[in-house]
Every structure is written in structure tokens, then in C-alpha cells.
Amino acid sequence: MMADDHTEAEALEPEARPADPRAEAFQGVREARRNELAEDYVELIAELIHEHGEARPVEIATKMGVTAPTVAKTLGRLARDGLITRAKYRSVFLTEEGRALARECQQRHEIVLRFLLSLGLDPETAERDAEGIEHHVSERTLALFAAFADRS
């Protein structure tokens with residue numbers, strides 16, 4: 001067999017194919033999407049606690065625009081992940097890990113929002129866009145956004 005001849009089995013093996021340079025970027029986007037929901041929930045829970053002293057599942061459902069069963073399922077996941085504490089039919093509270101994640105998300109959101117506003121985007125569009133961008137921007141890009149916004 002010549003050096004460049006391959007069996008059909010070899011052609012199907014992932015190790016035999018060169019890695020696509022974009023694979024790491026695609027994996028990063030998938031990871032950000034998995035984390036996005038948890039980040040949105042802990043950020044909202046932190047806001048509700050700040051405003052009302054507690055976060056009730058019914059308020060979370062209303063603010064998120066989802067049903068109570070959807071909130072219950074997500075809160076179960078957040079509890080398993082160690083981000084919240086809750087008792088059945090009671091308010092939801094953030095753990096220390098949850099509070100740290102909420103602070104990080106709020107800071108990222110604020111930086112992205114300031115950056116978009118400094119570009120001249122109207123506040124409503126900037127707020128909506130910041131909500132999505134904050135989950136997908138790298139630390140390096142975030143630092144540049146902050147520096148740009150600070151200069152503006």
C-alpha cells in the first residue's frame with residue numbers, strides 16, 4: 001500500500017483527520033450557550049433579592065417570560081450546580097458561588113452596555129444586545145470594550 005492510500009476505516013477515524021481550526025471556537029460557543037441560561041437566572045435572582053429581599057419562583061417566571069414548571073426545572077439544575085438554595089414553595093437565594101457568578105455577569109453586562117452606548121447605539125437596543133453579547137465575549141475582548149468605553 002502506498003503512503004497516501006488509506007483504508008475506509010482510517011478515513012472515518014477522527015484522529016486521522018486534521019482538526020478544523022474553528023473547532024475550538026465552536027466548542028466555546030456551545031459552552032457559552034450551555035451557561036447562558038444559568039447566568040441569566042442568577043443575574044435575575046440577584047436583582048430580585050436586591051429589589052425585594054427575596055426571589056420567588058413566580059416572579060422569576062414572570063420576568064423570564066416562561067412557565068412555572070420551566071422555572072422549577074431550571075432552579076433544580078441551579079441547586080444541583082450549587083448556585084442557589086431553596087425550599088419547596090419558598091423563596092430562592094443565591095449561594096456564595098451563585099452570588100459570585102451574578103456579580104461577574106452583572107459586571108460583564110455593564111461593560112458591554114457601556115461599550116455599545118459609547119458607539120452611539122440607542123439605550124433600548126444596547127440593553128437588548130448586551131444581554132446576548134455578555135455571554136459570548138472573551139475576557140480579552142471584554143477588557144478592550146471596557147477600555148474603549150472608558151475613553152469615550
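Reader: Why is Phe148 called partly exposed?

Author: Phe148 has 29% relative accessibility, so it counts as partly exposed. The scale runs like this: buried means under 20% relative accessible area, exposed over 50%, and partly exposed in between, with a 1.4 Å probe and protein chains only. Before we go on, please note that this is a predicted model, where local features need pLDDT of at least 70 and side-chain atom pairs count only at pLDDT 80 or more, while totals for chains, interfaces and linings use all residues. Residues are numbered from 1 along each chain as its sequence is written, and side-chain values use heavy atoms, with hydrogens and water left out.

Reader: How many aromatic pairs does the whole structure hold?

Author: A search finds two. Rings of Phe, Tyr and Trp (its six-membered ring) pair if their centres lie within 6.5 Å; planes under 30 degrees apart count as stacked, over 60 as edge-to-face and the rest as tilted.

Reader: What makes the pair of Phe115 and Phe145 stacked?

Author: Their ring centres are 3.9 Å apart and their planes are at 5 degrees, so the pair is stacked. Phe115 lies in helix H5 and Phe145 in helix H7, so this pair ties together parts that are 30 residues apart in sequence. Helices (H or I, at least four residues) and strands (E, at least two) are DSSP runs, numbered from the N terminus.

Reader: And why is the pair of Phe115 and Phe148 called edge-to-face?

Author: Here the centres are 5.5 Å apart and the planes are at 70 degrees, so the pair of Phe115 and Phe148 is edge-to-face. Phe148 lies in helix H7 and Phe115 in helix H5, so the parts tied together are 33 residues apart in sequence. Phe115, Phe145 and Phe148 form one aromatic cluster.

Reader: Which residues of H7 are buried?

Author: They are Leu142, Phe145, Ala146 and Ala149. These residues cover an arc of only 100 degrees around the axis, which puts them on the same side of H7. That arc is taken from the directions from the helix axis to the C-beta atoms. On the face turned away from the buried side, H7 carries the exposed residues Arg140, Leu144 and Arg151.

Reader: What do the buried residues of H7 pack against?

Author: Their partners are helix H5 (96–118) and helix H6 (123–133). Contact means heavy atoms within 4.5 Å.

Reader: What makes His109 buried?

Author: Its relative accessible area is 8%, so His109 is buried. This residue is found in helix H5.

Reader: What does the side chain of His109 make a polar contact with?

Author: The partner is the side chain of Glu127, at 2.6 Å. A polar contact is a pair of N or O atoms within 3.5 Å; within protein, one must be able to donate a hydrogen and the other to accept it, and residues adjacent in sequence count only if both atoms are side-chain atoms. Leaving aside neighbours within four places in sequence, His109 is in contact with Glu43, Glu127, Ala130, Glu131 and Glu134.
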